[in-house]
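Q: I have a structure open here and would like to go through it. Can we take it step by step?

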Amino acid sequence: MIRDHIASRRRNLDQSGFANGLSRRRLLQVGAAAGGGLMLSLSLPFPSHRAEAAVADEFAPNAFIRIGSDGRIILIMPYVEMGQGTYTSIPMLIAEELDVNLKQVQLEHAPPNEKLYANPLLGVQATGNSNAIRGAWKPLREAGATARIMLVAAAAKRWDVDPKSCRAQDGEVAHVPTGRRLKYGELAAEAAKMPVPAGVTLKAPEDFKLIGTPAKRLDAPAKVNGTAVFGIDVHPPGVKVATLVQSPVFGGRVKNLDDTAAKAVKGVRQIVRLDDAISVVADHMGAAKKGLAALNIEWDDGPHAKLTTADVARELEQATLGSGAVAQNIGDADKALASVTTKIEAIYQAPFLAHATMEPMNCTVHFRKDACEIWIGSQAVARVQAMAAKAAGLPPEKVIVHNHLIGGGFGRRLEADGAVRAVEIAKHVDGPVKVVWTREEDIQHDMYRPYWFDRLSAGLDEQGRPVVWKNRFAGSSVIARWLPPGFKDGLDPDSTEGAIDLVYDLPNFRVEYVRLEPPGIPTAFWRSVGPSHNVFVTESFIDEMAAAAKQDAVAYRRALLDKSPRAKAVLDLAAEKAGWGQALPKGSGRGVSLQFVFGSYLAQVAEVEVSKEGTVRVRRVVCAVDCGTVVNPDTVQAQIQSGIIFGATAALYGEITLKNGRVEQTNFDTYQMLRMNQAPAIEVHIVKSAEPPGGLGESGTSAIVPAIANAIFAATGKRLRKMPVDASLLKQPV
Amino acid sequence: MAFTIKVNGQTHSVDVDSDTPLLWVLRDVLGMTGTKFGCGMALCGACTVHVDGVATRSCITPIDGIGNSAITTIEAIGATGAGARIQKAWLEREVVQCGYCQSGQIMSASALLASNPHPTDADIDDAMSGNICRCGTYVRIREAIKQAAQSAGQGG
C-alpha cells in the first residue's frame, strides 16, 4: 500500500516539476544540524534520495516504517510537532518494539492521507485533543513489532535457523547460539518478502527499554541554533512575501480601494484585491507592511457592523433559559432539588479567546493552472490539502502540501482558513508567494475559543453533601463544523467533556447543552477545548458547595471520591505536596482543582496573592498527575508546566471582545501574555501507573483556571464566576 | 537605498528603504530565518538580535540606524562564550517546546550572561520579561540561565 502511495506521490512531484526547483540542501540542513545520525527531514514529503532512488530493496511493512538496504531507518510521523514532544514520544513507541535506538532513526512528516494516517480516536489525520499517544499507543507499537518479526524471520531464513533462536537488538538481528549478526539494512530486501504476521505480541511493561525513560527531545538541537524550519521560514526560489488586511468586521467586504501610495512603496510588486481582503505582495515583509499601511480602504461592514460581546452573551443567556439536549441524566435531578436543605444557584461565563501562537499565521503557495504546491505548518495536513484544492479549483492530488514545524498550534492550526486565504491570493500571483499575517491580523482574524454561558443549580443535604447537580450551558459546537458526523442529537463529545463525567459521586445529575453559534465571529478549538470551560465551571461550583457546607475544599471533594480511587490519589498527593491547610500570609490563598479529562487524572493546588488594588499574582502551582503509563516522563513535566502557564494567562488576562463588530484586541499590549516575571513556581508529581496512557497536552490548562479562581476565593472571599479575573471586583475599599 | 551591514562577521549590501526594519532584511533579504517575527512592535522579543553585544528588537530597528555596528544573530551566537553556554544549558534542561520564541530567548539570555555572569532571579526577570513564550517554558529558561551561569563559574 505504501509503495503505491509513494509512487503516486513521486509522479505528482515529477509532473508538477516543482520539486526540482526547491533547494533540497537548504531544506534538509535541519537534519545535518540535528546531529547524532538523526535527520528531521521536515520540509519535503520525502528526503531528496526518495525522488531518485529505486525502492526495490526497501522494507516498508506498514505506513510508519521504511528500512532501506542502505541501513536508513525512517519513521513516518502521522502526528505533528508543535512543542508537545510528539516527535520524540511517538518514535519511542515504534523504536521500543522495533528494537532500535532512538539515535538510529530518521523522521519524516506523514503526507496527507486520511486512510493511512488518520488518528484512530478522531477518524481524521489531525494532531489535537491530546490524543496522539492515546491513539498511537497500540498501533505504532504493533507496527514496530510487525517489522521486527519480519526482520528476524528474514535473518533466520538466511541462516537456516529457528527464528526463536534469534534476537533483535539495536537495529540488528543476532543468532544467539552462534553470535552471528546482521544489520536491519542488510535484511531489508529479504524482510519485505516475509509473510506479514497475523497477530503480534507486544512487550510486557517490565521489558520496556525506552518507554518510561526521559528521552531527550529529538527536535531540540535545531531549535536552539536557529536552523529549525517553521512554515514561516520556507524560501522557495523566487518567493515573494505578502501580507494582508481582511475586513475588520467578519462578513464585511471591500467597498473602495485606493492603492496608489502603496504601489509607490519601494519593493511592493502587486496589490491583490479580494472580495473581503487586500493583500500587498512585495520583495520582503518590510515593504509589504509599509505598503499595507499606505492603503486607503473603504469597507462595507456588512450585517455584523454593530455586534458587541454583550449581544453574544445575551443570546447565550436566553438559550440557557429554555431546554437543551440532554448530555447526562442520572437519578431525578428536579425531584431531588425540591427536597434539599440548601440550594445553590450560579451563572458562569467564559470569554472568547485568541490562540496567539508565537508564529503568526502564514502559508506559502505556488499556484499554477494545473497544480498547486503549499508550504505550511499544520495540525491537519489532509484538511489543508482538501480545502486548498477546493479554493484552487484543483483535484486534491494536484495539491502538494509540505508540512513544517509548528510555532505553536493550540488548536489554531487545526484550521485551514489560512491556507485557503493564501491560495486565493496566490491565484493572482505569478510564482510562489509567502503570505504572512501581521500580529494584528492574527489576533483580529483568529477563529476563537467559544464564549460559554452556564446556568447551574445544586442541592446539599443536611450534612452539606451534594445530592443533586444541574447544569445547562450554551455555546458554539466546533465539532459540528469541523467534524460534522461527531455532532449528533444536539450533542458533541468535545463541548460536553469535563461537564458530564465528573469524578464525584453525585446521585442526581443532569446536564443539558444548547448549541448556539454566535453571529459574526468564527469559533475553533483552543487548547483544552471543551474542558477549558467545563472544568472551570464544575471545579468552581464544587468549591462553592464546599464553602456553602462550611467544609474544607479538599476534604469535601475527597468524601465524594470513593468510586474513583485514581482521582482520590492525585488529590491527596497534590494536597500533601502543596502543604494544604498550612497558614499563608493575609491576602494569599490556596485553591484546588480536580479533573479527569483527556484520559488523565490531574489535581492542582494554586497559591495566589491578591494585592489591595485587586491584582492577582500566582505564586506557586503544585500538580499531581496520573496519566497511566508514562512514555516520556520529561515530556509529562514539560507539558504540564506549559499547560499551566497557558491556562494562567487565560485566567488572568485572556479575553477577546467585540465592539462595532470588530475584535478590540490587536497585539500583545492589548492581548496580554504571562511573562517571566509573573510565572509561578511549578511542581509536577507523577503517580506511577500501569494503565494505558492518557493525554497530557491540554490537561494542565483546564485544571489551572478553577484552581486560581478558588485560590482567589480563599484569599478574598470573592467568587469570580466570569473569566478573566476582574481586578476591580477584588479591590479593597480604601 | 543601499546599506552595508555587518552580520555575524560578514558584510552584506542590501537595497531597501531606509526605514526597513532589520528583522526583514535578515529574514527576507539575507535569508537568515533563525531570527523570528512575533509582533512587529517590540512586545514579544522573538526578533531579538545583538547590536554591538546589546540585546535589540530587530523588528523596530530601522536599517539606517545600524551604521557600522556589529550584528550577531542566533545563527552565530554559539561562537560567543556566553551564547555557547546558554545553548548547552538549553539542551541539558530541555527548555524548548514549539521552539519558535527560543531564538529570541537565547539572544536575550546570552546578552544577560555576557554582561552579568551571575544574575539573580530579579536580574533574570528584568532581562527576560520582554520575551514571551506561549508554550510557557519560563520555569526551564530560568533554570537553564542559572545552570549556564554556574558552568561559567566552573571555568566552562
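A: What follows goes through a predicted model, starting with its scores.

Q: OK, what ipTM and pTM does the model score?
A: The ipTM is 0.98 and the pTM is 0.92.

Q: And what pLDDT does chain B average?
A: Chain B averages 96, and 97% of its residues score at least 70.

Q: Moving to chain A, how many helices and strands?
A: Chain A has 24 helices and 28 strands. Its radius of gyration is 27 Å, close to the 27 Å from the globule rule for 734 residues, so chain A is as compact as a globular protein of that length.

Q: What box do its C-alpha atoms fill?
A: Roughly 80 × 75 × 45 Å, taken along the principal axes.

Q: How much of chain A is buried?
A: Buried residues are 59% of the 734 in chain A.

Q: And the largest nonpolar core, how many residues is that?
A: That core has 291 residues. Among those with the most contacts inside it are L151(A), I374(A) and A388(A).

Q: Which residues does A388(A) touch, leaving aside neighbours within four places in sequence?
A: A388(A) is in contact with C372(A), I374(A), V399(A), A416(A), A419(A), V420(A) and V423(A).

Q: New topic: how many residues of chain A are in contact with chain B?
A: 51 residues of chain A are in contact with 46 residues of chain B.

Q: Which helix gives the largest share of that side of chain A?
A: Helix 22 of chain A, with 7 residues.

Q: What classes of residue are on that side?
A: The side of chain A that touches chain B has 23 nonpolar, 16 polar and 12 charged residues.

Terms used:
Residues numbered from 1 in each chain as written. Chains lettered and ligands numbered in written order. Predicted model: local features only at pLDDT ≥ 70, side-chain atom pairs only at ≥ 80, totals over all residues. Core = buried A, V, L, I, M, F, W, Y, C linked by C-beta atoms within 7 Å. Buried ≥ 20, exposed ≤ 12 C-beta atoms within 10 Å, placed from the backbone. Contact = placed C-beta atoms within 7 Å. pLDDT = per-residue confidence, 0-100. Helix = DSSP H or I, 4+ residues; strand = E, 2+ residues; numbered from the N terminus. Rg over C-alpha atoms; globule rule 2.2 N^0.38 Å. Nonpolar A, V, L, I, M, F, W, Y, C, P; charged D, E, K, R; others polar.
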